[in-house]
Amino acid sequence: MSNTEQPTGRRLTALALGAVGVVYGDIGTSPLYTIKEVFGPHGVTASPPNVLGGLSLVFWSLVIVVSMKYLLFIMRADNKGEGGIMALMALAQRSVRQLPLAMPVVAILGIFGAALFYGDGVITPAISVLSAVEGLEVAAPALGHWVIPMTLLVIGTLFALQRHGTARIGAVFGPVCVAWFLSIASLGVWGIAQHPAVLEAVSPTYGVAFFLHNRAEAFFALGAVVLAVTGTEALYADMGHFGRRPIQLAWFAFVLPALLLNYFGQGALVLAHPEAVANPFYHLVPRSLLYPMIGLATAATVIASQAVISGAFSMTREAIQLGYMPRMRVVHTSEEMSGQVYVPFVNRMLLVLIAAAVVGFRSSDNLGSAYGVAVTGTMVITTLLALIVARYQWRWSWWAVCVTGAGLLVVDLGFFSANIVKIESGGWFPLALGLAVFMVLTTWRRGRRLLLRGIQLDGLELEPFIASLAEHPVPRVPGTAVFMTANNTLVPHALLHNLKHNKVLHQRNVLLTVQTLDAPRAEPEEQLELTRLEDGFARLVLRVGFAEDPDVPRLLARCNRLGEHFDLMDTTFFLSRETVVATPDRPGMALWRENLFVFLARNAMPATAFFGIPGNRLIELGAQVEI
């Protein structure tokens, strides 16, 4: 099933269940630590007015940020079924194509937002799993020294399962997550029954009073309230895995009610027993059910991590296809949903970095101080890009864009400003990771452009070259030669080297260029473009979406409808393998960035494997290019 088709009936229910298990695992485990952080050692005093005010902020954050912004507004900006900030960036760039000055601004915003998402992707699994396993300290303080080893074991198991794919993981995780949400909802009902007055916190007046009474402390408390909306960006990034309707159905019908009940149940407990603020989630659990709840919470936080991991896989695939990351192996794990992928390299890197965060910060309280800067920065950027799409693609009026933007940005910038103060106490960690990823993304993109420029400077124009062959014929051999090139107006290096060393040409010579569109999938009519030239030469352009694999043999088989037949047993692929050399003499990038690009290029997945070209039909010829 394509990502743009709307499922119904049993299929919709199954996908909604999978979404509960994968997409909402992250935000679903926020009750483990949100209230504790709002009123904990670094938060405000747990007085009755503060408890009601804090709950009001949590309630309206879930309504405004998750329900209104992401589920109803941002998810409308799907790029033919794909979500995530890279897909949104491509959609925004397509919307402002007539405004050249806006294109680089949109690109920088999108790249930086994507980079921050990776920083968040390290902190979220670490804080989720740690907060669950820390329940051992409530049940049996003597077991506290086992928290870190148990957390590392759980995280290692999670990453070992990734190769089985989101669909299979979701099928297992879905029922577990359903049990989790039913359990926390039941606990919340029990807590609310003890102190029903807590429901008054639904009124926004308590949130306003919270700010008026606490002033600066209330502003800093927003840095903890944002923990209630962890996973919203992953929710959007995972849209290609399940589709918009199943994700919306799961939220409004099941996840949101369960979360609100538990938050208000914790608030009721703290109102009645202020000392429970040390860990209100586990103090809400009856003593006899504490160990089963710790086990269920640990399973749920493993699932919570899945939302971020799946989002990172999707975003990486999109970044590769859009030319912002080096080629790397991408494995499709579902025959039904094209968006479900697994990226082994990203899986390994996330495992190492998350383990380092757990060992380095050692507690969910410390990680809470590190959380927020990256995710709120991404939230701001997502809003800006979506507003661009609303104005230039959906044709909203300026008035509608300004009103919507003001309402959303007041909330986003409030959260972002409150988290800036966390940089010194740990917020630097995801920010540093985000900046490192940003440097890799921009360096690869800029390096590729410099590489193509270097090839172009040394290249020969194709049409005069073909004309010269008529004057100075060379021997021809039967068969078809396909020369892969990024610039089909120039003679490929591989063709020149083949002619120089072998002194022959094939009867048919095709210059093949693979282009990635700013849409997730290419329409059938735009996939192929053939231009026949003189003397047995032709230009062929194959177009794929950023969510598709550039399988060259499969695409060549479709050329029959253009009147061209490619028999792979009679076709030889020629490819130039450029050896990139960093030089300080040429303008372009700083030398250290050029060296970084050289390192990335050497370790990228070979183009032949990336494009699916059979190794026994391939000839690679080397060329050295200075940048």
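This is a predicted model: local features need pLDDT of at least 70, side-chain atom pairs count only at pLDDT 80 or more; totals for chains, interfaces and linings use all residues.

Me: Salt bridges then. How many are there?

Reply: The count comes to 6 salt bridges.

Me: Let's start with Asp412. Which side chain does Asp412 meet in a salt bridge?

Reply: Asp412 meets Lys69, at 2.8 Å from N to O. The pair links distant parts of the chain. Asp412 sits in helix 20 (residues 398-420), Lys69 in helix 4 (residues 48-73), and they are 343 residues apart.

Me: Is Asp412 buried or exposed?

Reply: Asp412 has a relative accessible area of 1%, so Asp412 is buried. The limit for buried is under 20%. Lys69 is also at 1% relative accessibility, so Lys69 counts as buried.

Me: Next one. What does Glu463 form a salt bridge with?

Reply: With Arg539. Their closest N and O atoms are 3.3 Å apart. This pair links distant parts of the chain too: Glu463 is in helix 22 (residues 462-471) and Arg539 in strand 6 (residues 537-544). They are 76 residues apart.

Me: And why does Arg539 count as buried?

Reply: Because Arg539 has 14% relative accessibility, and buried means under 20%. Glu463 has a relative accessible area of 47%, so Glu463 is partly exposed.

Me: Which residues are linked in a network of salt bridges?

Reply: Arg508, Arg532 and Glu564 are.

Me: OK, new topic. How much space lies in the second largest pocket?

Reply: About 680 Å³. There are 24 lining residues. The closest to the pocket's centre are Met325, Met328, Phe345, Met349 and Val440.

Me: Which elements give two or more residues to that lining?

Reply: Helix 6 (102-133), helix 17 (344-361), helix 21 (423-457) and helix 25 (591-603). Helix 17 gives the most, with 7 residues.

Me: How do the lining residues divide into nonpolar, polar and charged?

Reply: There are 19 nonpolar residues, 2 polar and 3 charged.

Me: Now the surface. Which residues make the nonpolar patch?

Reply: Leu143, Trp146, Met150, Leu153 and Tyr291. The patch covers about 510 Å².

Me: Where does Tyr291 lie?

Reply: Tyr291 lies in helix 16 (residues 290-321). Tyr291 has 47% relative accessibility, so Tyr291 counts as partly exposed. Residues need over 30% to join a patch.

Me: Last one. Where is Ile613?

Reply: Ile613 is in the loop between helix 26 (607-610) and strand 8 (618-626).

Me: Buried or exposed, Ile613?

Reply: Ile613 is buried, because the relative accessible area is 7%.

Me: What separates the C-alpha atoms of Ile613 and Val66?

Reply: A distance of 44 Å. Along the chain, Ile613 and Val66 are 547 residues apart.

Note on methods:
Residues are numbered from 1 along each chain as its sequence is written. Side-chain values use heavy atoms; hydrogens and water are left out. On a 1 Å grid over the protein atoms alone, a cavity is a set of points where a 1.4 Å probe fits but cannot get out, and a pocket is an open set with protein on both sides within 12 Å along at least five of seven lines; lining residues have an atom within 4 Å of a point. Grid points are joined across faces, edges and corners, and a volume is the space filled by probe spheres set on the points. Helices (H or I, at least four residues) and strands (E, at least two) are DSSP runs, numbered from the N terminus. Ala, Val, Leu, Ile, Met, Phe, Trp, Tyr, Cys and Pro count as nonpolar, Asp, Glu, Lys and Arg as charged, and the others, Gly among them, as polar. Patches are made of residues with over 30% relative accessible area and no salt bridge: like charges are joined within 9 Å, nonpolar side chains (Val, Leu, Ile, Met, Phe, Trp, Tyr) within 5 Å. Accessible areas come from the Shrake-Rupley method with a 1.4 Å probe; for residues, only the protein chains shown count as cover. A salt bridge is a side-chain nitrogen of Lys or Arg within 4 Å of a carboxyl oxygen of Asp or Glu. Buried means under 20% relative accessible area, exposed over 50%, partly exposed in between (1.4 Å probe, protein chains only).
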